[in-house]
Amino acid sequence: MAPKEILKIENLTTYFYTWAGVVKAVDGVSLDVREGETLGLVGESGSGKSVTALSILRIVPRPGKIIDGKIIYKGENLLAKTENEMQQIRGKEIAYISQDPATSLNPVFSIADQLTEVIRRHQNVTKEEALKKAIELFRLVEIADPEIKIWNYPHQLSGGMKQRIAIARALSCQPSLLLADEPTTNLDVTIQAQILELMKNLKKKLGMSMILITHDMGVVAGVADRINVMYAGRVCEVASTKTIFRNPLHPYTRALLEAVPNVAMKREKLKIIPGAIPNLISPPSGCRFHPRCDFAVAECASVVPPLVEIEPEHYVACIRAKEFMENGKGVKK
Amino acid sequence: MILEVKNLVKHYPLTSRGVFLKKEVGVVHAVDGVSFSVRKSETFGLVGESGCGKTSTARAVLYLDPPTSGEIYFEGQEIGRIFKSKNQQEILKLRRKMQYVFQNPYASLDPRMTVADIIMEPFVIHKHVPKEKWHARLYELLELVGLEDYHAERYPHEFSGGQRQRICIARALAVEPRLLIADEPVASLDVSVRAQILNLMQELQQKFGIAYLYISHDLSTVRHICHRVAVMYLGKFVEIAETSELFSSPLHPYTQALLSAIPVPDPENKRSRIVLPGEVPSPINPPKGCRFHPRCIYAKEYNCIENVPELVDVGNGHWVACNKVSG
């Protein structure tokens, strides 16, 4: 039996209507998150990872708009919900940790105020009880001296500490799904290791599902169960973490893995992906990766490749995927 | 030896402003006695976490922020004397040989100048290229960094991050420097573009024999591009070694933790990860003894709270500042 899905996104399309033209930030993305799993959403800047996350919570900033698609959370379509109903879901059912811990906290309120605000918004508790819960959360995210630190203001805390607080705030109502948008990108490696370790433990303890958005292949390798690779607003490949790293079939996934310098191995020259990420106002026709792809054939420019299941649990959006699968890596350019 | 730095110290005063007087209330010990040398056509890496003094070191080496004390020799000359003499001609001569590529290519290019103006500005300042050859040299430089001729008339906002970093590199190369200080040149770029810039830097080094002082917090790029690496913690070097030596047998507990903390893009690589407790202390009041002792598991055993470890040679050009190693 297939594991139960907690979130299923079908054909999500989010466009931004700017004066320069329509930016097709997310263009027909489908994905699913299963109960208790960590889904890694990987891609470079501008691939639509963050917009996907914002669309799930329906907090896409203007001039962005969700045009089409379905976001089914626990059997209900979030796009059909009213704003009031959404407010009951944000923070309580689905929580969000943003990339920049410094700007996600309000500088003029103490941490205690900001944490109790969320707790009191979603739970019927008094101020004192909320404060007690907040201190409890501080212990959960392993902050020393919670009774003192909770009265601090954001500027008194370091980056790693602020990210811990952002995690505590996200966890305050025991959400079933956590959207973590590049939670460690702004942190130093040793602090990043601490935060990743913490998130892994907490996920296990609280049994939630998580979408981890990152551009760092190293981070997803250690944390995610399954990986969803995105490029220019579309999904190119979905598979288990092991498959993505051992047997990547989409040329973009492969190139991405080869372009990353790996500390465990020294390579003489890094593989280059020629060119730059396309402009999403007028993205390339057909497969969006074809102008940069080493394996592109004439058809790639005209046909939009559908996401096809090549082997069990391994989906690839590339018209030559079958060929790659059968011939291994020795396919001619 | 192209650059030799001896006992470099850079302190920034912390002042609180009164009505009339500035009062010094403390000192930020950004760099506290570092010594290193960069050989000809070598890439020397400076690694450490944010706030450990990497950029302060680089800026002090170029006299962008004159160091508090210490000696810097460039091609055998003590450059402090030259900068203090205020002899503009000598200073310009020196500046021509040492160039800087900044971390953020979005902020280090003048938005009102075209690429041609940006790259030819060094010719105006240094007057080392005769005027009739300016344009030929400009196109040569553009080609060198992988840009097209028609890019010359464009403005910086028309370029992507990777292309802007190429412009910055072209501008630095315009004066034919012997040493290029690259301060996190790829930190703000996407992975696929990062590889392009790193490869470009390697090619340029092979072609012109430029030495790089490469500053980064990202150990995986350091491993890729550097010949030798120094690891910095709170204003001091904890370890210097050849890159392969440092990555295969790190000796300092901080280096070990730093290396183990890097996420490896391989799901089956289950290394034991050393998670350091706590955070980097403030450089205003750095810990006594070994600066790493509050986060080190060996601190009690070797009494690191009192003993300041010296950087000692353990063979093979591998230097470590740790009481556990020196005994």
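Helices (H or I, at least four residues) and strands (E, at least two) are DSSP runs, numbered from the N terminus. B:Ser41 sits in the loop between β2 (22-38) and β3 (43-47) of chain B. This is a predicted model: local features need pLDDT of at least 70, side-chain atom pairs count only at pLDDT 80 or more, and totals for chains, interfaces and linings use all residues. Residues are numbered from 1 along each chain as its sequence is written, chains are lettered from A and ligands numbered from 1 in the order in which they are written, and side-chain values use heavy atoms, without hydrogens and water.

**Backbone**

- Most residues other than glycine have a negative phi, and most peptide bonds are trans.
- B:Ser41 has a positive phi, near 45 degrees.
- B:Ser41 has a relative accessible area of 35%, so it is partly exposed (buried is under 20%, exposed over 50%, partly exposed in between; 1.4 Å probe, protein chains only).
- A:Asn11 is not a glycine, yet its phi is positive at about 50 degrees.
- A:Asn11 belongs to strand β1 (residues 5-18) of chain A.
- A:Asn11 is partly exposed because its relative accessible area is 38%.
- The peptide bond between A:Arg62 and A:Pro63 is cis, with omega of about 5 degrees.
- A:Pro63 lies in the loop between α1 (49-57) and β4 (64-73) of chain A.

**Surface**

- A:Val303 is in the loop between α10 (251-259) and β11 (308-311) of chain A.
- A:Val303 counts as partly exposed because its relative accessibility is 30%.
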